[in-house]
Amino acid sequence: MNVNQTAAWITHYNQHLQDQKDYLTSLDRKIGDGDHGINMARGFAEAAKAVEAETFETSADVLKKAAMTVMSKVGGASGPLYGTALLKMSMAAKGKDIKGDVFADMFEAAIDGIKQRGKAETGEKTMLDVWVPVLEEVKSSGFDAANVEETAQKAMEATKDLTATKGRASYLKERSKGHLDPGAVSSYYLFVSLAEALKE
Ligand code: ADP
Ligand code: MG
Ligand code: MG
């Protein structure tokens with residue numbers, strides 16, 4: 001993944017978030033406070049703008065810029081969590097030619113960061129329930145963008161059957177079952193965007 005593809009990852013992701021802003025918000029209205037689309041669309045609009053405004057030398061620099069912008073512009077739980085994920089991926093990518101195992105290292109670093117921040121584990125109906133299966137897929141079969149996208153989609157769909165035990169959705173306990181997790185859906189778009197960027 002070269003520096004232009006990394007920038008494209010962020011700009012494509014922003015596009016998906018703008019397109020799906022109302023959908024993400026409607027998901028969050030069912031099991032949260034109805035702001036996930038608003039939070040993500042606002043933060044990544046700023047991140048895409050920041051990434052487009054500069055020329056970067058490395059992919060790690062692009063990811064760091066996006067991380068810093070998201071952390072400062074996105075409210076709610078998702079801002080610090082996505083900011084941390086991007087920052088940890090930037091750190092793992094630093095000085096590396098991004099391919100194969102480096103993707104696994106980046107996703108693993110992101111997951112560690114998300115867990116550290118949010119104190120969640122898999123199975124708690126959060127964005128981790130997309131990230132962790134993606135990492136497992138990359139570790140077991142090697143990095144393939146199309147497989148990653150497919151795994152992310154299945155994992156996202158599987159959050160419907162989970163009961164939330166972290167974040168706002170956990171207030172609903174059993175009643176959170178039967179609804180997709182908004183952060184799992186926005187994480188799915190991140191992997192869709194990655195696959196798109198890598199085709200460029
Ligand atoms: P808020 O819940 O503060 O309104 P958002 O609506 O923007 O923030 O984001 C909600 C999403 O954040 C959830 O759908 C879930 O995927 C994710 N999330 C919430 N808490 C945690 C946590 N502790 N660990 C991991 N992800 C979390
Ligand atoms: Mg919310
Ligand atoms: Mg909120």
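A crossing of two helices is left-handed if the near helix is turned anticlockwise from the far one by less than a right angle, and right-handed if clockwise. The model described here is predicted, so local features need pLDDT of at least 70 and side-chain atom pairs count only at pLDDT 80 or more, while totals for chains, interfaces and linings use all residues. Residues are numbered from 1 along each chain as its sequence is written, and chains are lettered from A and ligands numbered from 1 in the order in which they are written.

Helices (DSSP runs of H or I, at least four residues) are numbered from the N terminus. Two packed helices are described by the angle between their axes and the distance between the axes. Helix α1 (residues 3-19) and helix α4 (residues 59-73) have axes that come within 8 Å and cross at roughly 20°; axes are lines fitted to C-alpha atoms, for helices over the stretch in contact, with angles from 0 to 180 degrees between N-to-C directions. Angles under 35 degrees count as roughly parallel, over 145 as roughly antiparallel, 65 to 115 as roughly perpendicular and the rest as oblique, and α1 and α4 are therefore roughly parallel to each other. Their crossing, that of α1 and α4, is right-handed. On the α1 side the contact is made by Val 3, Thr 6, Ala 7 and Ile 10, and on the α4 side by Ser 59, Val 62, Leu 63 and Ala 66 (contact: C-beta atoms, placed from the backbone, within 7 Å). Six of the residues in this contact of α1 with α4 are nonpolar, two are polar and none is charged. Here Ala, Val, Leu, Ile, Met, Phe, Trp, Tyr, Cys and Pro count as nonpolar, Asp, Glu, Lys and Arg as charged, and the others, Gly among them, as polar.

The shell around ligand 1 holds 24 residues, of which Gly 76, Gly 118, Thr 126, Gly 167 and Gly 183 come nearest; a residue is near a molecule if its C-beta atom, placed from the backbone, lies within 6 Å of it. At least two residues of the shell are supplied by each of α3 (36-53), α5 (78-93), α6 (101-118) and α9 (182-198). The largest share, three residues, comes from α9. By class, the shell around ligand 1 has eight nonpolar, nine polar and seven charged residues.

Burial was assigned by counting other C-beta atoms within 10 Å of a residue's own: buried at 20 or more, exposed at 12 or fewer, and partly exposed in between. Lys 125, in the loop between α6 and α7 (128-141), has phi near 65°, a positive value in a residue other than glycine. Lys 125 is buried, with 28 other C-beta atoms within 10 Å. Lys 173, in the loop between α8 (145-158) and α9, likewise has a positive phi, near 50°, but is exposed, with 11 other C-beta atoms within 10 Å.

Asp 129 belongs to helix α7 and counts as buried, with 22 C-beta neighbours inside 10 Å. Leaving aside neighbours within four places in sequence, the contacts of Asp 129 include Thr 122, Ala 155, Leu 162 and Asp 181. The C-alpha atoms of Asp 129 and Leu 162 are separated by 9.6 Å, at 33 residues apart along the chain. Ile 111, in helix α6, is partly exposed, with 19 C-beta neighbours inside 10 Å. Beyond four places in sequence, Ile 111 touches Leu 128, Trp 131, Val 132 and Leu 135.

Notes
Contact = placed C-beta atoms within 7 Å.
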